[in-house]
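I want to see the sequence and the model before I write anything down.

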Amino acid sequence: MRPTRSLRANPRPPTIKSICIFIVMVGSSFEVQSVLSHGSTVNGKSVAMQEMMTLAAEENSFDLTAVVEEPDLEVKEKEIVLGRNVHTTCLAVTEPDADDESTGDKEAHMASVLARYRKTLIERTRHHLGYPYNLDFDYGALAQLQHFSINNLGDPFIESNYGVHSRQFEVGVLDWFARLWEIEKDDYWGYITNCGTEGNLHGILVGREVHPDGILYASKESHYSVFKAARMYRMECVKVATLVTGEIDCTDFKTKLLSNKDKPAIINVNIGTTVKGAVDDLDLVIQTLEECGFSHDRFYIHCDGALFGLMMPFVKRAPKVSFKKPIGSVSVSGHKFVGCPMPCGVQITRLQHVNALSSNVEYLASRDATIMGSRNGHAPIFLWYTLNRKGYKGFQKEVQKCLRNAHYLKGRLMEAGISAMLNELSSTVVFERPRDEEFVRHWQLACEGNMAHIVVMPSVTIEKLDYFSNELVHARSIWYKDEKDQPPCLAEDVGIENCCCALHK
């Protein structure tokens, strides 16, 4: 039997049936407006005032970790190794009381929970550095559209019988990316995905349909979704070694290609690896394929540009990701550098490849070659809005700011004697993993082995980087105050020149 859950840490205020409470969100707090019937008072004070005072007291004492009360034994049983078990802090769903409709008590409570949750989001956003999300955006102008269920089911280029869609926005966004990656309107097909992983799943699926007996090649530092795709599609997958930078090792790639010359090659090329932000050399990958005797009709390249696929076009001297080269597809995330508030992405491939996936759907009066059926129709509008507001010049300025701030952070860390690495085309700063896991959670750092990283996005300011650096330096002075305790050596992870351990500094 699962233990009984309590929805809140604090008891509800007494139910007063003669009062209707309306919650109005203002900034990070809320106001309670009460409409009294028959001039109700309690102990000489208005009921409205008592309700307001009670709710305010609840707001100040709110603790997200205390909203569910369970026996200690049960909590321990639910803990898992990789992270905190959300079941121990979930907000339970409860049935309304019989008189809730007349009192408004349930609505008031839910509004107070949301207000407190908003405060939590503000605090967690203030200490967010480890994941590649641009949190600097304002979509207030689009609030008017949140009352509509917008669904872009089916092929974005063919209308279905469902009329509440945003295909006109979606195709406009796709055309913008088609120009960015140099492919003509009549030669491409694509759609707005629900996330970056879906873009990889689709790109690799297209590759498998083009080459049913092909082998998937991906560097060992590719995103986990690439290997998920191999499992889902039951594809033979070969992991390729990487250089210390995280870039694919084309010498090892060549060796593995030559061992499988009888089968076509499906290659995932990283435009920014997950941990180190390394960019695979697309031109060298193509050259290696050609040197191994693979003609262009015997390989398919998918470019995973989740983060840097949109940044690289605005970096001087950066190699181009272009459909003028023999690539099959490119995908990027929309909720990372662009700054869309909901997960989404863009996937573009060659039109000639999609026919093998596409099928007529009578129920929709359309065709469908996507991974998902229903797709978020709001996401294309958010992307369209941002692309129009910023344009090429706006993105170029933001890219330059990110690269500049990333170099600043790396310099600060190295000056403090902390091992750190920054790839030339990247805004991902890799550094020594903090010893204290609470520190890691506090700053929401992404870690792997002895490494942690910070992804410098447009929303990450110099002031925020200084704040983090000062906290890290102070914490390290405590962690390593005993000479017997020394920071780990990162020479194998980031290179000798970037390692500040006792042996290499």
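This is a predicted model: local features need pLDDT of at least 70, side-chain atom pairs count only at pLDDT 80 or more; totals for chains, interfaces and linings use all residues.

**Aromatic pairs and a charge over a ring**

I looked up Y467 first, and it is partly exposed at 37% relative accessible area (buried is under 20%, exposed over 50%, partly exposed in between; 1.4 Å probe, protein chains only). Residues are numbered from 1 along each chain as its sequence is written, and side-chain values use heavy atoms, with hydrogens and water left out.

Next I checked the pairs, and the structure holds 20 aromatic ones (Phe, Tyr and Trp rings, the six-membered one for Trp, with centres within 6.5 Å; planes under 30 degrees apart are stacked, over 60 edge-to-face, the rest tilted). I picked F314 and Y392, a tilted pair at 6.1 Å centre to centre with 55 degrees between the planes. F314 sits in the loop between β9 (299-304) and β10 (329-333) and Y392 in helix α11 (residues 378-415), so their pair ties together parts 78 residues apart in sequence (helices are DSSP runs of H or I, at least four residues, strands of E, at least two, numbered from the N terminus). F314 is buried at 8% relative accessibility, while Y392 is partly exposed at 36%.

Back to Y467: its ring centre is 5.3 Å from that of W443 and the planes are at 75 degrees, so I logged the pair as edge-to-face. W443 is buried at 0%.

I also found K239 over the face of F227, 4.6 Å from the ring centre (Lys NZ or Arg CZ within 6 Å of the centre and within 35 degrees of the ring normal).
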